[in-house]
Amino acid sequence: MYDAWKILVGLAIFVGLFTFAFWMNAGKAAPVPEVKIDTPEIKKMPEPERKCVEDKHFMRTTHMQLINDWRDMALREGNREYVNKRGEKYVVSLQNTCMKCHSNKKEFCDQCHNYTGVSPYCWDCHIEPKEEPKGNES
Amino acid sequence: MLGLPHRTERRAKRERVMSMNRRQFIKIAGLSTLFGLGGKGAFEILRPGMLDAAEHGHGAPALEEPAEPAIRWGMTIDVEKCAEPGVVDKCIKACHSVHNVPDFGDSKDQVKWLWQDDYEHTFAGNENQYMADHVKEFPFLCLCNHCDEPPCVRVCPTKATFRRPDGVVAMDYHRCIGCRFCMAACPFGARSFNWLDPRDALNEKEYNMEFPTRGRGVVEKCNFCVERLAKGLMPACVEAAPQALAFGNLADPDSNVRQILRKRPSMRRKLELGSEPSVFYLV
Ligand code: SF4
Ligand code: SF4
């Protein structure tokens, strides 16, 4: 084989560059998302009734789909009332329902979204609640 | 050969099921060609109703006339009352602040849901030549007419703009791709394009936190305050000037707007285009 070493070196460089991202982050685990649900609005609810629109597991896995359905319900069907599995009624609105309780976008939404590397564009239009500086919670 | 009985059986079964089998079809087609008939017409003459039944399935009911809608939201604008000082500005301000409509202070980038224009422009093309002088001087409040036959909806390639069953021509900004076909189609200039990020021109402290803003690159317009209607409230402009504006159900002969329209002469914009505006100007 002619120029075997050139080819091998070239290959090694190529593979090295190609897998650069893995080398760079090797051994550095991304911090596990820390989701906070200690907003004033949530704290106002007494412990046993402290529930989201649907149960925790459903919200974790399916909130994006729920929000998608809500958009079509409110905009297309003009139906702004959601009845959950428990039979309770909620106003269909990201800003007026979801974000009223979860008023801490940075400590709530962004935590997992950043971890999983997704950047939903909800807040390009929907206004996120003003976050009060820490230690000033009332 | 072995499969034959099965095949025959199957065919016989199919023939029983189908309204017109292949044999009948070819017979009719051949016969009609002989007699110089052709196409669908032949079937209508030789086997009336048969083809339709085959096309639409058995006993398919004829298309029904769509029922009269129960609700068609509409508005009346008392032009004379709008001439009172401050009324027009108050309405515009109410609308634009509830809906986070930005003010770039520049007509090139202007975004507007509700605005003021003069008689000549509002009724361009069919202005009455010798209209009373005082009418010509009135300020006319303009907004999306929530047309009954909205041209903007017909041209939208993504169904981002659509007509709700209650007559409101609504927008789904999530779907708008900013092609601006609708702006070209709307004869009333009711739509604005977001050339810039609206948040640049909005004061964060004055946001209405209950309503979104729009993003750059979408078209926007008046939504007849659907978010307020859903809560049983009147549109923001009507609330700001109830003496001049009225809002109600045009489909109900006893509604407030219909009662007003029975008593007062009114005009609508560019009726000759057939878009059937739901906004009436009382003169
Ligand atoms: S006024 Fe313009 S934007 Fe409004 S419904 Fe009519 S055509 Fe569409
Ligand atoms: S600009 Fe948006 S709303 Fe208008 S026609 Fe295009 S997609 Fe539809």
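Trainee: In which helix of chain A is the place of A:L8?

Mentor: In this predicted model, A:L8 sits in helix α1 of chain A, which covers residues 4–18.

Trainee: Is A:L8 buried or exposed?

Mentor: A residue is called exposed when its relative accessible area is over 50%. A:L8 has a relative accessibility of 56%, and therefore counts as exposed.

Trainee: Which residues make the nonpolar surface patch with A:L8?

Mentor: The patch is formed by A:I7, A:L8, A:L11, A:F14, A:V15 and A:F18, and its area is about 650 Å².

Trainee: What is the secondary structure of chain A as a whole?

Mentor: Chain A contains seven helices and two strands. Their order along the sequence is α-α-α-α-β-β-α-α-α. Chain A is more spread out than a compact globule, because its radius of gyration is 23 Å, well over the 14 Å that the globule rule gives for 138 residues.

Trainee: What does the C-alpha trace of chain A span along its principal axes, and how much of the chain is buried?

Mentor: The trace spans about 75 × 40 × 30 Å along those axes. For burial, the criterion is a relative accessible area under 20%. Of the 138 residues in chain A, 22% are buried.

Trainee: Turning to the ligand, which residues come nearest to ligand 1?

Mentor: There are 13 residues around ligand 1, and those that come nearest are B:C144, B:N145, B:C147, B:C152 and B:C186.

Trainee: How many residues of each class does the shell around ligand 1 have?

Mentor: The shell comprises nine nonpolar residues, two polar residues and two charged residues.

Note on methods: Residues numbered from 1 in each chain as written. Chains lettered and ligands numbered in written order. Predicted model: local features only at pLDDT ≥ 70, side-chain atom pairs only at ≥ 80, totals over all residues. Heavy atoms only, no water. Patch = residues over 30% accessible without salt bridge, like charges linked within 9 Å, V, L, I, M, F, W, Y side chains within 5 Å. Areas by Shrake-Rupley, 256 points an atom, 1.4 Å probe, with all protein chains shown as cover. Salt bridge = Lys/Arg side-chain N within 4 Å of Asp/Glu carboxyl O. Helix = DSSP H or I, 4+ residues; strand = E, 2+ residues; numbered from the N terminus. Buried < 20%, exposed > 50% of the residue type's maximum accessible area, 1.4 Å probe, protein only. Near = heavy atom within 4 Å. Nonpolar A, V, L, I, M, F, W, Y, C, P; charged D, E, K, R; others polar. Rg over C-alpha atoms; globule rule 2.2 N^0.38 Å.
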